[in-house]
Amino acid sequence: MEQNEQIVHEHAVFINSTVNSVYNMIVAIPGSHLAISYLKNAYQNDPFRVALELFLVFFAIKYMLSRKYKPNDNNVVLTEKEVDDLVEEWQPEPLAPKLTSYDRFNLEKTPMIVGAQSAKAKVVGHTKPLMNLATSNYLNLVASEQIRQKAVETLRNYGVGSCGPPGFYGTIDVHMDLERDISRFLGTDDAIIYAQGFSTISSVIPAFAKRGDYLVVDDGVSFAIQKGVQISRSIIRTFKHNDMEDLERVLNEINTEHIVHKKRLTRRFIVTEGLFANFGDIAPLDKLVELKKKFKYRLILDESQSIGVLGRRGGGLTDLYNIDAKEIDMISGSLSNAICGSGGFCAGSVEVIDHQRLSGSAYCFSASMPAMLAVSASEAFRIIEQQPTLLKELGERILAFRQVLTHKSLEPYITLDSSDMQCPSPFFHIRAKPSYLQVHTLDNEDSVSREAEERLLQDVVDECAYQGVLITRSKYVYEQEKNCPRPSIKISITIGLNKKENDKAANTVKSAIVKVFGKWRK
């Protein structure tokens, strides 16, 4: 027993002497007393912190002393012959998916225009120019010598591109002039321009609508609006195309939900088009404004198709319905249709526009519009204001063409979206009549496939081209469209063709429809 006590005593003396030696060595280090004082105070005030710091120190030491990991340590060493065999067996993945027969059909049927765009285009495969009803050159501003001279002059003064976003060094005087011209033309307080037409509305919507906000959207809106609605990540409710009763039903349902579940107050928007790109019909703006005020919503109106062509002076839907443009919270649109320019715009109050200069992604992160295109657009607005006869002439061409396509001989074959004779839309969609397709369904199919319908319409397009008229099928991104419209032929009227040529083109389209539809699947 005494021997064990002796051993314990010796161990204690040894440990004590060792600790004292280490302590004396530490004390001998200059400044060590500060560290010792810090540890004593820290341990007394916050022992958990000391324990954590010691753990981190030991972890760092262990990590630095551990064996380094190398990703290729376990690689199998191959012989030269094995490497050669693997190389021979390797097949690269295709850069693009293999084209289907339908994809090849679409590529082969895409017309190629030679030279400048015009009302009478030169198309590869045709010896004579074709009367062009396939572009949105409604007012024939593409052929304006006045715009061309202004564009060339601007090009020589400013060069081609700005090479910078508008918020930095991309904005110059002609951009600000165009914004003033747009706001004055529409009758709003201010306007902002974007460099790309498609990304205008798809940037305007998410600049204001965020997660948790409500977007009540017409289910027939264009693909660009669909993308903007999707990007916003808001709560999306749709109403039947141009059905104001259904819109009111949806607005009432949202109100009821908020009252019953006591939801927090959020931003709410109604989103629609003025002139629908997919159908060619016009939104009832008077009813939309009435509902927006009744339910306290903001209205986002896309006038990409209607600006420059609808209304007494071409001011769009607000001009057509004689409604003050300031009643609409946001009016957006493209400058690449009737205006024959490039880019887009959004018009509204000063607060709405200023907000986009910091929150509009396409404005902040894209190079600004080339100066010559800004000047071209300003000049186009000036021409529309100075020559009101252009709109009158366009209206006459539209009415004459529509009268031909509503002839009784075409009634068994096609439907014309917005068949109202007084509809001022400068384009319209021709679709195969459902009853016609039902009669011509084959025995081995339940209904006519979309591809078969597209090929039928393409036969009409080819027949028109053979007879000297260029038209086109409407193109859609089938996989991404929320409610993809049925296949159609889109006819765009232009005053670049005189009255006689316009009538001839209408009768050519009519005869092609009768010829192709009359012998299809017989």
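**Figure 1. Overall fold of the predicted model.** The chain comprises 20 helices and 15 strands in its secondary structure. Its radius of gyration is 35 Å, well over the 24 Å that the globule rule gives for 522 residues, so the chain is more spread out than a compact globule. The C-alpha trace spans about 130 × 70 × 60 Å along the principal axes of the chain. Of the 522 residues, 45% count as buried.

**Figure 2. Nonpolar surface patch that includes F55.** The patch has an area of about 1,400 Å². Its members are F48, L52, L54, F55, L56, V57, F58, F59, I61, Y63, M64 and L65. One of these residues, F55, belongs to helix α3, which runs over residues 47-65. F55 has a relative accessible area of 53% and is therefore classed as exposed, because the term applies to values over 50%.

**Figure 3. Negative surface patch that includes E80.** Four residues form this patch, namely E80, D84, E88 and E89. E80 is located in helix α4, a helix covering residues 80-89. The relative accessibility of E80 is 67%, so this residue counts as exposed.

Figure 4. F55 is exposed at 53% relative accessible area, and E80 is exposed at 67% relative accessibility.

Key: Residues are numbered from 1 along each chain as its sequence is written. This is a predicted model: local features need pLDDT of at least 70, side-chain atom pairs count only at pLDDT 80 or more; totals for chains, interfaces and linings use all residues. Side-chain values use heavy atoms; hydrogens and water are left out. Patches are made of residues with over 30% relative accessible area and no salt bridge: like charges are joined within 9 Å, nonpolar side chains (Val, Leu, Ile, Met, Phe, Trp, Tyr) within 5 Å. Accessible areas come from the Shrake-Rupley method with a 1.4 Å probe; for residues, only the protein chains shown count as cover. A salt bridge is a side-chain nitrogen of Lys or Arg within 4 Å of a carboxyl oxygen of Asp or Glu. Lys and Arg count as positive and Asp and Glu as negative; His and the chain ends are not counted. The place of a charge is taken as NZ of Lys, CZ of Arg, CG of Asp or CD of Glu. Helices (H or I, at least four residues) and strands (E, at least two) are DSSP runs, numbered from the N terminus. Buried means under 20% relative accessible area, exposed over 50%, partly exposed in between (1.4 Å probe, protein chains only). The radius of gyration is taken over C-alpha atoms; the globule rule is 2.2 Å times the number of residues to the power 0.38.
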